[in-house]
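Reader: Here is a model I would like to go through with you. I will ask what stands behind each label.

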Amino acid sequence: MDHKAALQEAVSEIFENMAFQELTPIAKNPLPSQVLWSFRQATMTIYSPIQGALVMTISPTMMQSVTANVLGIDLEDVDAGMQSDVLAEMLNTMAGAWMRKITDVSQPYELGLPDTAEVDYIDSKTAEIHCVFNADGDFIEVAFFLVR
């Protein structure tokens with residue numbers, strides 16, 4: 001399985017299993033960059049077997065819904081801290097699932113810690129691996145930037 005297909009599969013599985021959210025892969029995000037700048041992002045460094053950064057971009061409304069689903073609480077009870085925790089946990093779980101799909105069982109992999117600090121927007125369209133998903137009219141992007 002190629003790296004992009006494996007990442008798409010890992011992302012879909014994590015959202016379905018953790019957040020009870022079905023994702024549909026799409027060719028590209030139809031939203032303009034200005035809208036995406038308001039989305040939440042999380043990053044994680046992957047040290048081996050490939051080296052780079054995994055970036056997840058998710059709409060604020062989708063993040064609130066996902067957080068409520070993961071924690072089993074009402075939407076109005078979701079706060080920013082909860083969203084950061086869920087975003088970090090989902091990215092960490094997603095990275096591990098992806099590594100298991102692209103490595104042999106005996107091959108170790110090394111992941112950094114997820115970072116959910118709100119910093120400058122990272123445009124995922126330039127990444128070596130770029131996946132976009134639609135979920136009930138909302139959009140999620142997951143990208144991997146290879147370090148050479």
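Author: The protein has four helices and six strands. The model is a predicted one.

Reader: What makes the protein as compact as a globular protein of its length?

Author: For 148 residues the globule rule gives 15 Å, and the radius of gyration is 14 Å, close to that value, so the protein is as compact as a globular protein of that length. Along the principal axes, its C-alpha atoms fill a box of roughly 45 × 30 × 25 Å. Of the 148 residues, 45% count as buried. The accessible surface is about 7,600 Å², and carbon and sulfur atoms account for 50% of that.

Reader: What share of the contacts joins residues at least 24 apart in sequence?

Author: The share is 67%, taken among contacts between residues at least 6 apart in sequence.

Reader: How many aromatic pairs does the structure hold?

Author: It holds one aromatic pair. The partners are Trp 98 and Phe 144.

Reader: Why is Val 66 called buried?

Author: Buried means under 20% relative accessible area. Val 66 has a relative accessible area of 0%, so it is buried. Val 66 sits in helix α3 (residues 60-71).

Reader: Which residues does Val 66 touch, leaving out those up to four places away in sequence?

Author: Val 66 touches Phe 15, Ala 19, Ile 58, Val 86 and Met 90. As for Ala 6, 60 residues away along the chain, its C-alpha atom is separated from that of Val 66 by 22 Å.

Reader: Why is Phe 20 called exposed?

Author: The cut-off for exposed is over 50%. Phe 20 has a relative accessible area of 66%, so it counts as exposed. Phe 20 is in the loop between α1 (3-19) and β1 (24-26). Its phi is near 55 degrees, which is a positive value in a residue other than glycine.

Reader: Is Asp 136 buried or exposed?

Author: Asp 136 is exposed, since its relative accessible area is 74% and the cut-off is over 50%. The loop that holds Asp 136 runs between β5 (129-135) and β6. Phi of Asp 136 is near 55 degrees, a positive value, and the residue is not glycine.

Reader: How do you know that the peptide bond from Ser 48 to Pro 49 is cis?

Author: Omega of that bond is near 10 degrees. Pro 49 lies in the loop between β2 (40-48) and β3 (52-58).

Reader: How many Å apart are the mean positions of the positive and negative charges?

Author: They are 10 Å apart, with 7 positive and 21 negative charges in the protein.

How values were computed. Residues numbered from 1 in each chain as written. Predicted model: local features only at pLDDT ≥ 70, side-chain atom pairs only at ≥ 80, totals over all residues. Heavy atoms only, no water. Phe/Tyr/Trp six-rings, centres within 6.5 Å; stacked < 30°, edge-to-face > 60°. Helix = DSSP H or I, 4+ residues; strand = E, 2+ residues; numbered from the N terminus. Rg over C-alpha atoms; globule rule 2.2 N^0.38 Å. Buried < 20%, exposed > 50% of the residue type's maximum accessible area, 1.4 Å probe, protein only. Contact = heavy atoms within 4.5 Å. Areas by Shrake-Rupley, 256 points an atom, 1.4 Å probe, with all protein chains shown as cover. Lys, Arg positive; Asp, Glu negative; His and termini not counted. Charge placed at Lys NZ, Arg CZ, Asp CG, Glu CD.
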